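Here is a short briefing for a reader new to this structure. Please keep the model in view while reading the points below.

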Amino acid sequence: MNGVSAAGVVDRVRGVQLSGLATVAMLVVAVAVNAALQPNFWDSYALTSNFATFVPLVAIAVGQTIVVLSGGIDLSLGAQVTLASVVAVQVVDGEMGRFPLAVAAALGVGLVCGALNGLVVALLRLQPIVATFATSFVFSGLALVVLPTPGGSVPFEVTTAYRDAVLGVPVALLLILALALLWWVLRGHRVLRHVYAVGGDADAAYASLVPVARTRVWGYVLGGLFAALSALAVLANTGSGDPFVGNELTLASVAAVVIGGTALAGGRGGAGGSILGAIVLALVTNIVFFADVPTDYRQLVNGAVIILALALAGIPALQKRRPAA
């Protein structure tokens with residue numbers, strides 16, 4: 001789905017919030033269908049491979065959640081993932097000794113991209129959808145300059161460790177738990193409390209001496225940092241760079257936020273639901289693959305999942321409109 005239609009989808013579903021029970025129900029159904037289609041779904045190798053593919057979307061979904069909670073939206077997060085990943089793979093160049101420098105470079109790219117978006121939205125007061133849609137082209141163009149064609153290599157120690165297990169627990173699952181723990185730590189920080197306040201009611205937050213503009217900038221900066229973590233997970237999973245790898249992640253991150261129960265109007269929800277939403281979307285992708293559905297229909301299926309989520313979200317509103325018996 002292209003950026004214009006993505007912006008349209010985001011604009012139309014703003015204000016919708018899915019219940020946590022519906023999110024869990026979708027997760028149970030997705031797991032059940034996957035188990036039916038994959039005879040070895042519960043085997044350790046299959047679980048490790050599945051969780052390895054979940055981490056990039058989970059990380060970017062957490063970043064998108066923070067931006068949405070602040071009352072914004074970031075349609076450039078997928079491009080940020082691409083740019084951070086190609087910069088990191090060029091820096092590491094297959095040498096383990098340079099991996100810490102590559103991690104720092106990726107995080108730096110996410111920090112700068114997020115800060116740029118935050119400054120454009122908070123100081124120039126452009127609509128977040130328009131501003132981040134525009135910057136996505138800038139970031140994508142820079143990624144092509146850094147790595148015009150797929151290539152580069154990640155040290156095999158990194159890819160091996162990423163797909164390994166510790167005491168029978170996949171490393172990728174531990175990374176997802178680490179992302180959830182990081183969110184829990186941030187949730188107790190003053191910056192996140194301000195993010196909730198600004199996203200819920202910016203005028204009331206301003207009257208309460210909350211630095212609204214600075215908080216919005218922080219929301220985009222944190223979103224960029226989680227996009228960088230997503231980029232590192234992409235590299236660890238694929239072992240090489242791709243200047244188009246993040247194209248599908250932006251809308252998927254928004255869909256994960258919606259499925260996870262965070263309102264796109266801001267101020268309500270949390271990353272815990274978005275993590276479950278990201279896993280649901282990843283499992284849907286698995287269903288498409290193992291059901292032998294052509295990959296051209298992947299966007300169609302993801303769109304159907306979003307529509308289902310919105311339909312479930314509308315049920316409580318319809319019940320409230322019914323006259324009392």
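Gln64 is buried, because its relative accessibility is 0% and the cut-off for buried is under 20%. This residue sits in helix H3. The model is a predicted one.

**Around Gln64**
- Leaving aside residues up to four places away in sequence, Gln64 touches Ile73, Asp74, Leu77, Thr250, Ser253, Val254 and Val257.
- One of these partners, Leu77, also belongs to the contact between H3 and H4, as does Gln64.

**H3 against H4**
- Helix H3 covers residues 44-69 and helix H4 covers residues 77-92.
- The two pack at an angle of about 130°, and their axes are 11 Å apart.
- The H3 and H4 crossing is right-handed.
- H3 brings Ile60, Gly63 and Gln64 to the contact, while H4 brings Leu77, Gly78 and Val81.
- Sorted by type, the residues of this H3 and H4 contact are three nonpolar, three polar and no charged.

**H4 against H6**
- H4 also packs with helix H6, which spans residues 128-146.
- Here the angle is about 20° and the axes are 8 Å apart.
- H4 and H6 are therefore roughly parallel to each other, because the cut-off for that label is under 35 degrees.
- The crossing of H4 and H6 is left-handed.
- On the H4 side, the residues in contact are Ala79, Gln80, Thr82, Leu83, Val86, Val87 and Gln90.
- On the H6 side, they are Ser136, Phe139, Ser140, Leu142, Ala143 and Val146.
- The residues of the H4 and H6 contact comprise eight nonpolar, five polar and no charged.

- Leu232 is part of helix H11, residues 212-238.
- Is Leu232 buried or exposed? Leu232 is buried, because its relative accessible area is 16% and buried means under 20%.
- Not counting residues up to four places away in sequence, Leu232 touches Ala88, Val103 and Ala106.
- Leu232 and Ala88 are 144 residues apart along the chain, yet their C-alpha atoms are separated by 7.8 Å.

**Aromatic pairs**
- How many aromatic pairs does a search of the whole structure find? The search finds four aromatic pairs.
- One of them joins Phe41 and Trp42 in an edge-to-face arrangement, at 4.9 Å centre to centre with 80° between the planes.
- Phe41 counts as buried, because its relative accessibility is 5%.
- Trp42 counts as exposed, because its relative accessibility is 58% and the cut-off for exposed is over 50%.
- Another pair, Phe51 with Phe54, is edge-to-face too, at 5.5 Å centre to centre and 80° between the planes.
- Phe51 and Phe54 both belong to helix H3 and lie three residues apart, about one turn of the helix.
- Both Phe51 and Phe54 are buried.

**The whole protein**
- The protein has 14 helices and two strands.
- It has 325 residues, of which 49% count as buried.
- Take the contacts between residues at least 6 apart in sequence: 78% of these join residues at least 24 apart.

Notes. Residues are numbered from 1 along each chain as its sequence is written. This is a predicted model: local features need pLDDT of at least 70, side-chain atom pairs count only at pLDDT 80 or more; totals for chains, interfaces and linings use all residues. Side-chain values use heavy atoms; hydrogens and water are left out. Axes are lines fitted to C-alpha atoms, for helices over the stretch in contact, and angles run from 0 to 180 degrees between N-to-C directions. Helices (H or I, at least four residues) and strands (E, at least two) are DSSP runs, numbered from the N terminus. A crossing is left-handed if the near helix is turned anticlockwise from the far one by less than a right angle, and right-handed if clockwise. Contact means heavy atoms within 4.5 Å. Ala, Val, Leu, Ile, Met, Phe, Trp, Tyr, Cys and Pro count as nonpolar, Asp, Glu, Lys and Arg as charged, and the others, Gly among them, as polar. Buried means under 20% relative accessible area, exposed over 50%, partly exposed in between (1.4 Å probe, protein chains only). Rings of Phe, Tyr and Trp (its six-membered ring) pair if their centres lie within 6.5 Å; planes under 30 degrees apart count as stacked, over 60 as edge-to-face and the rest as tilted. Angles under 35 degrees count as roughly parallel, over 145 as roughly antiparallel, 65 to 115 as roughly perpendicular and the rest as oblique.
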